[in-house]
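Let's take a friendly walk through this model together. Please have the viewer open as you read.

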Amino acid sequence: LASSSRRFSSARIYLSNSQHTSGRPIRHTLNGHQQYYESYWKQMTGSSIRQGRSLTTSATTRTLSLKRCHHANTRLRRRSPPVATTTLTRIGASAKAKRGKATLSSPSSSQSFTQQTATATQQSEKQWIERLTAYLQQQRTIPIPRWVTPGHQTISISEIFGHSSFVLVAISYAVDDFLMLRCIAVVGSTAMLVFTYFHPHGRVLWLPFKWNALFIALNCYRIGKVFLDRHFAENLGREYIQLRDEHFHLMDPVDFAKIIRLGKVETYQAGEEIVAQGEENRFVRLVIDGELEVLRDGKITYMIEEASFVSESGLHAGIMLPGSVNSCCSVKAQTNSRVLAWDRTELLHLMELDSNVHRSLQNAMSWDIVRKLKTQRTLLSSGRIDDPEKWNERRQEQSIHRYTAILQNLLQHNRLLNAGGRDNLHNYRVIHHIDDEYHLLALKECGWTPEEFEMGKRPGWHGDDDDQHNKHEELEERKDWRWYLRAMYLRFIG
């Protein structure tokens with residue numbers, strides 16, 4: 001009974017404290033707790049009897065306790081209406097007001113918290129930089145023997161970075177390897193960054209700091225480009241790697257990969273014509289697989305085997321002809337063949353951007369000329385040529401036609417003729433045995449005189465813009481945004 005009364009009094013205290021949060025009337029809460037304690041009494045009495053314990057309680061005592069609970073409930077019930085109606089309403093209004101104030105004040109509190117966090121972070125960073133500066137600028141004594149110098153020599157870690165920067169730059173100038181030179185230069189410039197930022201005078205030297213940061217960025221770009229080019233060369237494909245190892249081993253793998261990636265693979269069936277005699281051709285091709293036959297007036301003149309070029313038109317002699325060149329012969333596929341085709345203008349643009357590619361490709365085409373001469377001798381000794389004299393005449397006609405087409409293209413672009421094209425044309429004549437007689441015939445066919453050729457232009461002709469054929473070439477070679485995007489890619493990426 002004592003414990004139950006204590007529990008009932010604690011329940012009263014609990015209910016009086018919880019009236020601020022509970023939404024139910026107090027009287028219902030008290031009735032519920034009264035029923036709870038009545039059921040608790042029954043359970044206690046029943047369980048004690050079942051456990052065999054003798055619990056001597058009189059009916060009068062039980063009645064008194066229940067009456068006390070009833071009177072307490074009645075007193076609270078009389079006091080509860082004003083609390084339930086007025087106090088709870090006021091408490092609810094005050095709670096809503098507090099929640100509203102908390103909602104309104106939450107953004108400002110979050111902003112103040114963010115500002116405090118940022119301020120604390122800045123202070124910690126500033127302290128860390130100050131400690132690092134003091135550590136790097138602290139003078140340290142160099143342990144030099146007394147017999148070397150009687151004075152004490154001191155140096156700081158910041159000064160050590162400055163001296164090491166100049167030493168590394170001097171070493172980079174003595175290195176032959178391009179990649180190693182760039183790497184040493186990056187390390188030396190980084191050491192100079194440390195020296196200029198933590199200068200012994202206590203002030204940051206921003207002018208050399210910014211310039212060295214720019215040098216580091218440029219060298220890192222060049223280093224990354226070298227590794228990217230090597231990655232492309234290593235992942236070019238087994239077929240192209242084998243082609244290079246067998247036929248273009250003198251060419252650098254990176255340069256070979258640049259040329260291959262610029263081209264487009266074409267497939268031809270046996271007997272299919274690739275280039276027709278007398279038509280304009282703007283493509284330079286390389287035979288990847290198969291054999292091609294070259295025909296002049298329907299008669300074979302020589303064979304083109306694997307790793308040979310088609311329609312190079314003076315590139316081996318340094319003649320850079322953009323656009324289309326008239327074909328001096330027909331080229332057909334003797335077997336199922338695959339060739340790699342380049343647009344002549346795009347290939348020349350790559351050669352202008354990269355001197356290594358220009359030099360490597362020109363050397364490869366020079367060796368290809370020697371290989372074609374050998375195939376002509378092999379063809380002549382194989383018995384496939386019925387009349388050797390007529391075969392020689394067709395070869396001579398084909399050579400004159402090719403030279404005339406090259407000369408025609410060169411004369412249409414007098415800019416190329418005056419910018420070293422005349423000397424390159426002379427080299428071509430020496431290689432292919434084009435004498436003055438054939439040269440004059442080709443000039444006459446093009447409508448030029450020897451004097452006009454030496455001057456580089458005809459009287460009354462003021463440049464390429466007045467030439468109708470050259471206007472047609474300009475319209476044909478008009479460059480769109482994709483051409484310029486590809487040019488930027490080739491210039492910066494490779």
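Is Gln376 buried or exposed? Gln376 is buried, with a relative accessible area of 10%; here buried means under 20% relative accessible area, exposed means over 50%, and partly exposed is in between, with a 1.4 Å probe and protein chains only.

## Ground rules

This is a predicted model, where local features need pLDDT of at least 70, side-chain atom pairs count only at pLDDT 80 or more, and totals for chains, interfaces and linings use all residues. Residues are numbered from 1 along each chain as its sequence is written, and side-chain values use heavy atoms, with hydrogens and water left out.

## The chain as a whole

The protein chain holds 16 helices and twelve strands. Both are DSSP runs numbered from the N terminus: helices are H or I with at least four residues, and strands are E with at least two. Of the 494 residues in the protein chain, 36% are buried.

Now for the contacts, where contact means heavy atoms within 4.5 Å. Taking those in the protein chain with a separation of 6 or more, 71% come from residues 24 or more positions apart. The protein chain exposes about 30,700 Å², and carbon and sulfur atoms supply 56% of that area; accessible areas come from the Shrake-Rupley method with a 1.4 Å probe, and for residues only the protein chains shown count as cover.

## Two residues and their contacts

Back to Gln376, which lies in helix H10. Not counting residues up to four places away in sequence, Gln376 touches Thr301, Tyr302, Trp391 and Arg395.

Glu280 sits in strand S5, residues 280-281, and counts as partly exposed at 47% relative accessibility. Leaving aside neighbours within four places in sequence, Glu280 is in contact with Ser324, Val325 and Asn326. The C-alpha atoms of Glu280 and Gly323 are separated by 9.3 Å, although these residues are 43 residues apart along the chain.

## The largest pocket

A word on terms before we look inside. On a 1 Å grid over the protein atoms alone, a pocket is an open set of points with protein on both sides within 12 Å along at least five of seven lines, while a cavity is a set of points where a 1.4 Å probe fits but cannot get out; lining residues have an atom within 4 Å of a point. Grid points are joined across faces, edges and corners, and a volume is the space filled by probe spheres set on the points.

The largest pocket has a volume of about 690 Å³. Its lining has 34 residues, with Tyr302, Gln398, Ser399, Arg402 and His432 nearest the centre. Elements that each supply at least two lining residues include strand S8 (299-304), helix H10 (355-381) and helix H12 (414-432). Helix H11 gives the most to this lining, with seven residues. By class, the lining of the largest pocket has 14 nonpolar, 15 polar and five charged residues. Ala, Val, Leu, Ile, Met, Phe, Trp, Tyr, Cys and Pro count as nonpolar, Asp, Glu, Lys and Arg as charged, and the others, Gly among them, as polar.

## Enclosed space

How many cavities of 30 Å³ or more are there? The count comes to two, and the largest cavity has a volume of about 50 Å³. Phe248, Met251, Phe256, Ile259, Ile260, Leu286, Phe309, Trp342 and Leu361 line the largest cavity. This lining divides into nine nonpolar, no polar and no charged residues. Helix H8 (residues 253-262) gives the most to the lining of the largest cavity, with three residues.

## Backbone and cysteines

Asp297 has a positive phi of about 55° although it is not a glycine. Asp297 is placed in the loop between strand S7 (292-296) and S8, and is exposed, with a relative accessible area of 51%. Ala307 has a positive phi of about 70° and is not a glycine either. Ala307 is in the loop between S8 and S9 and counts as buried, at 0% relative accessibility.

A search of the whole structure finds zero disulfides, a disulfide being a pair of cysteine sulfur atoms within 2.5 Å. The sulfur of Cys183 is 8.7 Å from the closest cysteine sulfur, in Cys220, so it is too far for a bond. Cys183 counts as partly exposed at 30% relative accessibility, and Cys220 is partly exposed, with a relative accessible area of 39%.
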